[in-house]
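Please keep the sequence and the model in view while reading.

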Amino acid sequence: MTGVSRLANEAWEAMFRAQATLAREFEYEGDWGGFPPREYGVLYALAGAKDGLRITDLIDDALLTQAGVSRLVARMEKRGLVERRPDPDDARACRIVLTAEGREVQRRLGRAHARHVTTAMTRALTREQLETLRELGRALVAAAHHTKAPTRNTA
């Protein structure tokens, strides 16, 4: 392995372990108010989409599989958090949008989650390091979008 290859792999491993460690902390120690963290992920994705999202867009945004998102949306719809609306751009599709209750739940859970994220991220990193991490993450995502393969349906 070359020096750059080794460094790239070590950097990936460090980033992966940090993300997995924090995700586990947020899942088990977070204040989710009885909602699974995956539901919050869908609520969060929808909060930024004024006209809602198609299921395929939710898959990318919430980082779940087709089957996982479909089941999750169905459960959330039964609980009154989201609703399906016709897609004005495609008569065969629908858009998932937050209901008023879903928006309130997202805001409440989001405030608690934001406090937890702030605590976790600032206990080890300075402001400058957080800015660098933000820019590095954005650069990796942007580069991945240029080479993105089609989403695979893995249930």
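## Report on the predicted model

Alanine 144 lies in helix H6, which covers residues 127-146. Helices here are DSSP runs of H or I with at least four residues, strands are runs of E with at least two, and both are numbered from the N terminus. Because its relative accessibility is 40%, alanine 144 counts as partly exposed. The term buried applies under 20% relative accessible area, exposed over 50%, and partly exposed in between, with a 1.4 Å probe and protein chains only.

The model is predicted: local features need pLDDT of at least 70 and side-chain atom pairs count only at pLDDT 80 or more, while totals for chains, interfaces and linings use all residues. Residues are numbered from 1 along each chain as its sequence is written, and side-chain values use heavy atoms, with hydrogens and water left out.

### The chain as a whole

The secondary structure comprises 6 helices and 2 strands. In sequence order the pattern is α-α-α-α-β-β-α-α. The C-alpha trace spans about 50 × 35 × 25 Å along its principal axes. Of the 155 residues in the chain, 27% are buried. Contact means heavy atoms within 4.5 Å. Among contacts with a separation of 6 or more, 53% join residues 24 or more positions apart.

### Helix packing

Two packed helices are described by the angle between their axes and the distance between the axes. Axes are lines fitted to C-alpha atoms, for helices over the stretch in contact, and angles between N-to-C directions run from 0 to 180 degrees.

Helix H1 (residues 3-29) and helix H5 (residues 100-122) cross at roughly 140°, and their axes come within 11 Å. H1 is therefore oblique to H5. Angles under 35 degrees count as roughly parallel, over 145 as roughly antiparallel, 65 to 115 as roughly perpendicular, and the rest as oblique. On the H1 side the contact is made by Leu22, Glu25, Phe26 and Glu29, and on the H5 side by His113, His116, Val117, Ala120 and Met121. These residues divide into 5 nonpolar, 2 polar and 2 charged. In this classification Ala, Val, Leu, Ile, Met, Phe, Trp, Tyr, Cys and Pro are nonpolar, Asp, Glu, Lys and Arg are charged, and the others, Gly among them, are polar.

H2 also packs against H5, at an angle of about 110° and with the axes 9 Å apart. H2 is therefore roughly perpendicular to H5. Tyr40, Leu43, Tyr44 and Ala47 of H2 meet Gly102, Arg103, Val105, Gln106, Leu109, Gly110 and His113 of H5. The residues of this contact comprise 6 nonpolar, 4 polar and 1 charged.

### The nonpolar core

In soluble globular proteins, nonpolar side chains tend to be buried together. A nonpolar core is a set of buried Ala, Val, Leu, Ile, Met, Phe, Trp, Tyr and Cys residues joined through side-chain atoms within 4.5 Å. The largest such core has 25 residues, of which Leu46, Leu58, Val73, Met76, Leu81, Val82 and Ile96 touch the most other members. At least two residues each come from H1, helix H2 (37-47), helix H3 (55-62), helix H4 (66-78), strand S2 (90-98) and H5. H2 supplies the largest share, 5 residues.

### Selected residues

The table gives the accessibility of three further residues.

| Residue | Relative accessibility | Class |
|---|---|---|
| Methionine 76 | 0% | buried |
| Glutamate 77 | 30% | partly exposed |
| Aspartate 87 | 4% | buried |

Methionine 76 is part of helix H4. Apart from residues up to four places away in sequence, methionine 76 touches Glu39, Val42, Leu43, Leu81 and Val82. Methionine 76 and alanine 18 are 58 residues apart in sequence and 30 Å apart in space, C-alpha to C-alpha.

Glutamate 77 is likewise found in helix H4. Its contacts, leaving aside neighbours within four places in sequence, are Val82, Glu83 and Arg84. Between glutamate 77 and leucine 98 the C-alpha to C-alpha distance is 9.3 Å, and the two are 21 residues apart in sequence.

Aspartate 87 belongs to strand S1 (residues 82-87). Leaving aside neighbours within four places in sequence, aspartate 87 is in contact with Arg54, Ala93, Cys94 and Arg95.
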